[in-house]
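Please read them beside the sequence and the coordinates.

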Amino acid sequence: MSATSARPRVGWRLPPKWVTISLFLLPALAVYLLFVLFPVIQAAHYSLYKWNGLQPLTDFIGLRNYVTALNSSTFITAVSNNLLVIVLSLALQIPFSLSLAVLLNRRFRGRSVFRLIFFLPYVLSEAVTGVVFSLLLQPGALVDSGLKGAGLGGLIQDWLGDPNFVMITMFIIVSWKYFGFHMILLLAGLQGIPAEIEEAALIDGAGRWQAFRYVSLPLLGPTLRVSVFLSMIGALQLFDMVWVMTAGGPLNASNTMAIAMFKAGFKNSQMGYGSALAVILFLFGLVVALAYQRFVLRRDVEGALTVFNG
Amino acid sequence: MRTTALTGGASLTRPTGRRAAGVGRLRLSGIVRYVILVVVAGVILVPIGYAVLGGFKTNGQLVGDPVSILPSPWVFSNYTDVIFGANAAVFWREAGNSLIIAAIAVTATVGLASLAAFVFARIVFRGREAIYTLFTFGLLFPSAVAILPLLILVRQIGLEGNLLGVALPQAAFALPLTIIILRPFFRSIPVELEDAARIDGCGAFGFFWRVLLPLARPALATVSVLAIVSTWNAFLLPLILLNGTDQWTLPLGVMNFSTEYVSDQARILAFTVISIIPAVLFYVVAERQIVGGLTAGSVKG
């Protein structure tokens with residue numbers, strides 16, 4: 001390996017390198033620029049206009065769409081709903097996924113069956129999940145009867161009809177669908193940690209919890225960060241399930257940023273305003289991404305071993 | 001550079017099972033683990049089982065006695081109506097639309113991403129990392145951000161209401177992840193093979209086509225499976241870019257069906273269950289690739 005790495009790497013010579021590069025790279029780059037990056041830039045452009053999406057772009061209004069958005073209680077509710085899902089995901093869903101990953105990180109009979117089952121909801125579309133849960137959660141349907149039968153009738157809520165509870169319901173269903181995904185990521189991370197390291201800690205007299213907390217958990221850091229990042233980006237763009245189940249209702253109580261944007265752009269023909277909401281959504285994503293980059297960079301600078309000192 | 005390439009490739013192989021932890025394992029904790037896992041599995045399976053069995057019930061059974069598990073009597077008309085009865089035309093049209101979009105999107109994603117990943121993995125040139133970073137940027141923001149201008153764009157280039165107008169943007173959104181997964185695989189293929197191919201008179205494309213792609217078959221399977229699942233389940237993009245219900249895909253159809261037959265729950269459940277059969281079958285067959293791909297994605301850090 002070292003012998004070959006010493007040799008300088010030579011690119012393809014004939015035909016000229018740039019021709020090859022262009023032929024291979026340009027198709028993907030063109031599609032990506034046209035359908036992904038260009039629309040994002042256009043969103044920023046449109047957001048400065050009052051525009052219904054059909055007439056020419058003439059009514060330039062500067063940042064007024066943004067002012068309107070930030071003064072709109074409907075939109076603020078939408079933002080706080082997204083943030084609520086993020087906070088609950090980090091506080092409950094990821095610890096839950098991690099616990100299950102730890103439980104599955106041993107060899108025992110039926111392990112692969114459990115893994116198969118836990119990941120199953122991830123392959124169902126959010127639309128299907130939403131339709132099935134809408135039926136399950138109707139007043140008096142399976143969930144209510146089940147709780148009553150188990151003597152937990154006091155827990156029954158108007159799951160999708162109570163403005164104060166509807167986002168909690170959404171979060172539970174989002175977790176139902178996605179915890180298996182995070183569990184698989186974390187399980188893969190755990191399996192990348194050699195068993196000897198934790199065993200050494202046990203021999204040195206650490207308890208099981210201490211060995212996990214101070215040895216395995218820090219080593220799991222990179223995977224955990226990926227999981228946190230994906231969970232936050234996912235929570236920011238929550239749309240399908242909410243649209244299918246409540247369309248943002250009742251009384252806009254389950255609006256998310258993506259729902260508010262969709263309603264503005266397509267139901268109310270406010271393309272300019274909708275684009276401003278899209279840009280705000282983008283900024284939230286950017287903050288998450290920058291925070292993530294910072295953590296990753298800090299890890300690279302400090303080196304993985306420093307965590308053992310803590 | 002070669003070292004990082006090799007470890008990058010090695011880390012993508014599936015970790016094999018761990019030895020059973022022998023240190024101080026109590027029997028009790030094993031039982032507790034099973035109990036927890038079975039309860040969670042129940043929470044996952046009950047809604048799915050309810051939907052599957054609910055399709056075999058009458059609405060009277062569903063509403064009158066929500067907790068009894070098995071239908072009595074079993075009713076088959078809900079399912080048969082969807083497959084070849086009253087609702088079959090709608091179902092098969094939507095399944096066909098889903099299939100066409102998925103076929104185009106997956107072919108475009110995997111094809112374009114392999115070509116690009118080849119350049120990123122094996123050709124050194126100025127600006128390479130900058131362009132690569134541009135692609136990774138696509139992972140960092142919610143795709144909903146691009147949705148409104150995308151509609152305007154697709155309208156302008158004359159693809160509105162065309163299945164291609166959904167498939168191409170879908171492929172574009174899938175490119176970043178696909179390229180990120182493929183690049184380390186392509187890198188891990190030894191330079192000696194490239195040299196040998198060149199001596200045998202292969203050009204860059206010859207090497208790519210006859211050597212690299214066959215060797216990267218597991219990676220290609222993984223990214224294809226991920227792309228199929230995400231296009232098959234896509235909702236927002238088709239909702240915005242497709243004009244009429246006759247172009248709708250299955251996820252849109254499921255929603256539409258559930259509002260159209262609001263009072264016929266059993267029929268909704270049957271339609272929903274049949275619509276998920278392809279995805280579930282696909283998952284059971286390709287679980288290894290899906291899980292392998294997600295693992296690969298997470299390893300990049």
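1. Burial and helix numbering. A residue is called buried if 20 or more other C-beta atoms lie within 10 Å of its own, exposed if 12 or fewer, and partly exposed in between, with C-beta atoms placed from the backbone. Helices (H or I, at least four residues) and strands (E, at least two) are DSSP runs, numbered from the N terminus. On these terms helix 13 of chain B, residues 250-260, is mostly covered, since eight of its 11 residues are buried. The buried positions are B:Leu250, B:Pro251, B:Leu252, B:Gly253, B:Val254, B:Met255, B:Phe257 and B:Ser258.

2. Basis of the model. This is a predicted model, in which local features need pLDDT of at least 70 and side-chain atom pairs count only at pLDDT 80 or more, while totals for chains, interfaces and linings use all residues. Residues are numbered from 1 along each chain as its sequence is written, and chains are lettered from A and ligands numbered from 1 in the order in which they are written. The model scores ipTM 0.84 and pTM 0.85.

3. Confidence in chain B. With pLDDT being the predictor's confidence in each residue, from 0 to 100, chain B has a mean of 84, and 88% of its residues reach 70 or more. Within chain B the highest confidence is in helix 5 (residues 88-122), at a mean of 94, and the lowest is in helix 1 (residues 2-10), at 35. Over residues 1-24 of chain B the pLDDT stays under 50, and the model has 40 contacts beyond four places in sequence for this stretch; two residues are in contact if their C-beta atoms, placed from the backbone, lie within 7 Å. Residues 297-301 of chain B also have pLDDT below 50, with 13 contacts in the model beyond near neighbours in sequence. Where pLDDT is low, the predicted coordinates should not be read in detail.

4. Overall form of chain A. Chain A has 14 helices and zero strands. Its radius of gyration, taken over C-alpha atoms, is 25 Å, well over the 19 Å that the globule rule (2.2 Å times the number of residues to the power 0.38) gives for 310 residues, so chain A is more spread out than a compact globule. Along its principal axes the C-alpha trace of chain A spans about 75 × 70 × 35 Å. Buried residues make up 44% of the 310 residues in chain A, and among contacts between residues at least 6 apart in sequence, 68% join residues at least 24 apart.

5. Helix 5 of chain A. The buried residues in helix 5 of chain A include A:Phe114, A:Phe118 and A:Phe119, together with A:Arg115.

6. Contact between the chains. The contact takes 83 residues from chain A and 78 residues from chain B. On the side of chain B that touches chain A, the largest share, 13 residues, comes from helix 14 (residues 265-299) of chain B. By class, that side of chain B has 61 nonpolar, 12 polar and five charged residues, where Ala, Val, Leu, Ile, Met, Phe, Trp, Tyr, Cys and Pro count as nonpolar, Asp, Glu, Lys and Arg as charged, and the others, Gly among them, as polar.

7. Domains of chain B. Domain bounds come from an automatic or database domain assignment, which gives domain 1 (27-75) and domain 2 (87-299) in chain B. The C-alpha centres of domain 1 and domain 2 of chain B lie 33 Å apart, and eight residues of domain 1 are in contact with seven residues of domain 2. On the side of domain 1 of chain B that touches domain 2, helix 2 (27-54) and helix 3 (59-64) of chain B each give two or more residues, and helix 2 of chain B supplies the largest share, three residues.

8. Backbone geometry to check. A cis peptide bond, with omega about -10°, joins A:Gly249 and A:Pro250, and A:Pro250 lies in the loop between helix 12 (240-245) and helix 13 (257-267) of chain A. In that loop between helix 12 and helix 13 of chain A is also A:Leu251, which has a positive phi of about 50° although it is not a glycine; A:Leu251 is exposed, with 11 other C-beta atoms within 10 Å. In chain B, the peptide bond from B:Ser72 to B:Pro73 is cis, with omega near -5°.
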